[in-house]
Amino acid sequence: MPATVHFLCKHCDWRLAASAAAPSPTCENCGSTYDVLPPDGSAPLAACAACGCAEMYAQKDFNRTTGLVLVVIGAIFVPWTWGLSLLAVTIIDVVLYRLLPEVGVCYACRAVHRGFPRSPDHREFDLVVHDRHVYGAAPPGAEEAHGGRH
């Protein structure tokens with residue numbers, strides 16, 4: 001699978017995808033064009049391919065809706081399984097966690113980068129860094145996990 005970056009159109013929030021093998025994408029919804037050309041995926045990313053932000057985090061490539069549906073199904077069957085359905089959901093979760101690859105996500109534009117090796121600079125999600133990108137500042141009293149780097 002080639003390395004790809006999935007990002008949102010800045011004008012209409014339409015989902016777009018770009019890869020090293022394909023030309024720069026044009027939004028099918030509003031016609032906006034983008035110069036997003038991710039590298040080939042042989043090296044870790046130093047910055048977001050969509051916006052150039054250097055602050056990214058790593059997470060498992062798992063659909064959240066699917067995870068929620070699994071938990072709800074497990075909870076629905078609790079009365080008939082004496083709670084074993086929740087154990088089954090937990091086992092499925094652990095197996096998926098070990099099998100699924102990681103993706104890099106940009107704090108600034110939320111672009112998802114698939115097919116790239118994990119960069120040592122991309123740690124797990126940090127709410128303080130997220131808040132700084134979304135709200136312009138971290139909450140008062142919050143400490144940066146990266147030693148106050150900006």
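Modeller: We shall take the sheet, the salt bridges, a surface patch and the backbone angles in that order. Please keep in mind that this is a predicted model.

Biologist: Let us begin with the sheet. In what order do the strands of the open sheet stand?

Modeller: The open sheet has five strands, and reading across it gives β2-β1-β5-β4-β3, with antiparallel pairing. At the edges stand β2 and β3; each has a single partner strand, so one side of each is left without a neighbour in the sheet. On average, neighbouring strands of this sheet are turned by 25° against each other, direction ignored.

Biologist: How many bridges link β3 and β4?

Modeller: Five bridges pair β3 and β4, in the antiparallel sense. To find the pairing by eye, look for M56, which stands opposite C106 in β4.

Biologist: Which parts of the chain does the pair of E55 and R132 tie together?

Modeller: E55 belongs to the loop between β2 (15-19) and β3 (56-60), while R132 belongs to helix α4 (residues 127-135), so the pair ties together parts that are 77 residues apart in sequence.

Biologist: Are E55 and R132 buried or exposed?

Modeller: Both E55 and R132 are buried. Consider next E102 and R118, which form a salt bridge with the closest N and O atoms 3.0 Å apart. E102 lies in strand β4 (residues 102-106) and R118 in the loop between β5 (112-114) and α4, so this pair ties together parts that are 16 residues apart in sequence. E102 is partly exposed, with a relative accessible area of 28%, and R118 is partly exposed at 38% relative accessibility.

Biologist: With which side chain does that of E124 meet in a salt bridge?

Modeller: The side chain of E124 meets that of R118, at 3.2 Å from N to O. E124 is partly exposed, its relative accessible area being 46%. Through salt bridges that share partners, E102, R118 and E124 are joined into one network.

Biologist: Let us move to the surface. Which residues form the nonpolar patch?

Modeller: The patch on the surface consists of L68, V69, V72, I73, I76, F77 and W80, which together have about 720 Å² of accessible area. Its largest share, five residues, comes from helix α1 (residues 64-76). F77 is found in the loop between α1 and α2 (78-81), and F77 is partly exposed, with a relative accessible area of 44%.

Biologist: Where does R110 lie?

Modeller: R110 lies in the loop between β4 and β5. R110 has a positive phi of about 65° although it is not a glycine, and R110 is exposed, with a relative accessible area of 56%.

Technical notes
Residues are numbered from 1 along each chain as its sequence is written. This is a predicted model: local features need pLDDT of at least 70, side-chain atom pairs count only at pLDDT 80 or more; totals for chains, interfaces and linings use all residues. Side-chain values use heavy atoms; hydrogens and water are left out. Helices (H or I, at least four residues) and strands (E, at least two) are DSSP runs, numbered from the N terminus. Buried means under 20% relative accessible area, exposed over 50%, partly exposed in between (1.4 Å probe, protein chains only). A salt bridge is a side-chain nitrogen of Lys or Arg within 4 Å of a carboxyl oxygen of Asp or Glu. Two strands pair if DSSP finds at least two bridges between them. Axes are lines fitted to C-alpha atoms, for helices over the stretch in contact, and angles run from 0 to 180 degrees between N-to-C directions. Patches are made of residues with over 30% relative accessible area and no salt bridge: like charges are joined within 9 Å, nonpolar side chains (Val, Leu, Ile, Met, Phe, Trp, Tyr) within 5 Å. Accessible areas come from the Shrake-Rupley method with a 1.4 Å probe; for residues, only the protein chains shown count as cover.
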